[in-house]
Protein chains: 2
Amino acid sequence: MRADAERNRGRLLDAACRTYMEQGPDAPLDAIARRAGLGIATLYRHFGDRTALLRAVAADVLAAAEAAGDRARAEEPDAFSALRRYMHDVLDGCVPVLMPALGPAVREAPEVRARLDAAAAVQRRLIDDAKAEGTLHPDVEFADIGLALTRFARPIAGDFDPAAEAALAHRHLELFVRGLRTGDGAGLPGPALTLGGLRSMRSP
Amino acid sequence: MRADAERNRGRLLDAACRTYMEQGPDAPLDAIARRAGLGIATLYRHFGDRTALLRAVAADVLAAAEAAGDRARAEEPDAFSALRRYMHDVLDGCVPVLMPALGPAVREAPEVRARLDAAAAVQRRLIDDAKAEGTLHPDVEFADIGLALTRFARPIAGDFDPAAEAALAHRHLELFVRGLRTGDGAGLPGPALTLGGLRSMRSP
DNA sequence: CCCTACCGGAGGAGGTTCCTCCGTTTGTCG
DNA sequence: CGACAAACGGAGGAACCTCCTCCGGTAGGG
C-alpha cells in the first residue's frame with residue numbers, strides 16, 4: 001500500500017467519524033469526502049460500499065473506546081473517577097452517536113462484533129468496580145451508561161458551533177454523573193435495564 | 001368552521017406532534033397525514049404551508065408546557081418537586097425535540113414568540129424558586145434545564161418501541177434530576193449558561 | 001525515469017418529498 | 001328531506017438529493 005493511500009484512508013476514517021457525530025450515520029458520503037479534502041471516488045476506492053465505511057469506522061472507534069477504558073482504569077485513583085473519566089473520554093468520540101444508529105448488518109459484522117464485545121467488557125468492568133467500591137448507585141445498570149452517553153453526545157441543534165456543543169455536552173454529562181454517585185437520591189423508575197431488555201425494545 | 005374540520009385540525013396537530021417527537025421536524029408531511037388518518041390534501045388545506053404547521057404545533061405545545069409549569073407550581077408541596085414534575089411532564093410533549101430544531105422563521109413568528117416567552121417565564125420561575133429554596137444547585141442555569149430535556153426527549157434509536165423509549169427517557173431524566181439537587185457534588189465545568197451565550201453558539 | 005497505483009469530478013439512475021388538481025363525499029341549514 | 005357549500009382523498013408532475021461509476025489526469029517509488 002502506497003504511503004499517500006494509507007494517509008488518505010486515515011483521513012477518511014477521521015472525517016467520517018466527525019461527520020457522523022454532527023449529522024448521524026445517514027450523512028451524505030460526499031460530505032465526508034469533502035471534509036477529508038479528497039474526491040468522492042477515493043472514498044469508494046477505499047471502502048467499496050457505504051456499509052464498509054461504517055464497519056471500518058465502527059471498528060476503529062470502538063477500539064479507541066476500549067483503550068480509553070483501560071487507560072481510565074489504570075490511571076485514575078478510584079473506580080468512580082475512572083468511570084467518570086471514561087465517560088468524558090468516550091463522549092468526545094463518535095461511538096455514542098454511531099452505535100445505536102447502526103443496523104444489524106453492521107453491528108453483527110465480525111470485525112465490529114469483536115470490538116463491540118471488548119469495549120462492552122471494559123465498560124462493564126468499570127461499572128462493576130464502582131459498584132463494588134460503593135460509590136456508584138446500585139440501581140444504575142450497564143445499559144444506562146451507554147445510552148446516557150448517546151443522549152449527551154448528540155448535538156442539540158445543527159447550527160451550533162461544534163466546540164460549543166462539546167463543552168455543553170461535557171457540562172451536562174457532569175451534571176448527570178453527580179446523580180450516579182451514591183447519596184440520598186430515591187430509587188429509579190422503570191425496570192432493571194438489561195441488555196436483553198434493551199434488545200426487546202426494538203419494535204419491528 | 002364545520003365540526004369535522006375542527007376535529008381534523010386537532011388530529012393533525014396531535015399527529016404532527018407525535019411524528020416530530022419520533023422523527024424530528026423534517027418528518028415527511030405524508031407521514032403526519034397518514035398518522036392522523038387523513039389525506040395529505042387535508043393537511044395542506046388546514047396549514048397552507050409546511051412552516052404554518054410547524055408554527056401551529058409550536059404554539060400549541062408551548063401553551064401546554066406553560067400550563068404544566070403552572071400546574072406543577074400549584075400542586076407540588078415544594079419547589080424542587082415542582083421542578084421535577086414539570087420536567088417529567090414536558091418530557092412527554094414534543095417541545096424539547098421541536099424547539100431547538102426550529103429555524104428563526106418559525107421561532108420568531110409572533111404567535112410562537114409570545115408562547116415561548118410565556119413558557120420560558122414559567123420555567124425560569126420554577127428554577128428560581130428551587131434555588132431560593134436551597135434545593136437546586138446554584139450553578140445550574142436556566143438553559144441547562146431546557147437543553148437537558150432535549151437530550152432526554154429525543155429517541156435513542158429509530159426502531160425502538162415508543163412506549164419503551166418514553167420509559168427510558170423518564171428513567172434517565174430521574175437520574176439527571178438526582179444530580180441537580182444540592183449535595184456534595186463538585187462544581188460544573190464550563191461558563192455560566194445564559195440565553196445570550198446560547199444564541200452565540202449558533203455558528204453561521 | 002517510467003510504470004503503476006492512486007486521485008478527482010462530472011453525470012446518469014434511482015428514490016424521496018413537496019404540493020396541486022379535480023372528482024367525490026359529507027355536514028348542515030332551510 | 002334535499003340541496004348547496006364546505007371539506008375530503010389520492011394520484012401525479014416537478015424539484016431535489018444522494019448514490020455510485022467511468023475515464024482522463026497525477027504523482028509516488030523502485
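This is a predicted model: local features need pLDDT of at least 70, side-chain atom pairs count only at pLDDT 80 or more; totals for chains, interfaces and linings use all residues.
Local features need pLDDT of at least 70 and side-chain atom pairs count only at pLDDT 80 or more, whereas totals for chains, interfaces and linings use all residues. Residues are numbered from 1 along each chain as its sequence is written, with chains lettered from A and ligands numbered from 1 in the order in which they are written.

**View 1. Helix α1 of chain A and its cover.** Helix α1(A) comprises residues 3-23; helices are DSSP runs (H or I, at least four residues), numbered from the N terminus. Its 21 residues reach 30 Å from first C-alpha to last, close to the 30 Å expected, that is, 1.5 Å times one less than the number of residues. Buried residues (20 or more other C-beta atoms within 10 Å of their own, C-beta atoms being placed from the backbone) include L12(A), L13(A), A16(A) and Y20(A). Their cover includes α2 (29-35), α3 (40-46), α4 (50-75) and α6 (95-98) of chain A. Just after α1(A), G24(A) takes a positive phi of about 85 degrees.

**View 2. The surface near DNA strand D.** Helix α3(B) gives the largest share, 4 residues.

**View 3. R115(B) in helix α8 of chain B.** R115(B) lies in α8 (residues 110-133) and counts as buried because 20 C-beta neighbours lie inside 10 Å. R115(B) and N8(B) are 107 residues apart in sequence and 23 Å apart in space, C-alpha to C-alpha.

Definitions and conventions
Helices (H or I, at least four residues) and strands (E, at least two) are DSSP runs, numbered from the N terminus. A residue is buried if 20 or more other C-beta atoms lie within 10 Å of its own, exposed if 12 or fewer, and partly exposed in between; C-beta atoms are placed from the backbone. Two residues are in contact if their C-beta atoms, placed from the backbone, lie within 7 Å.
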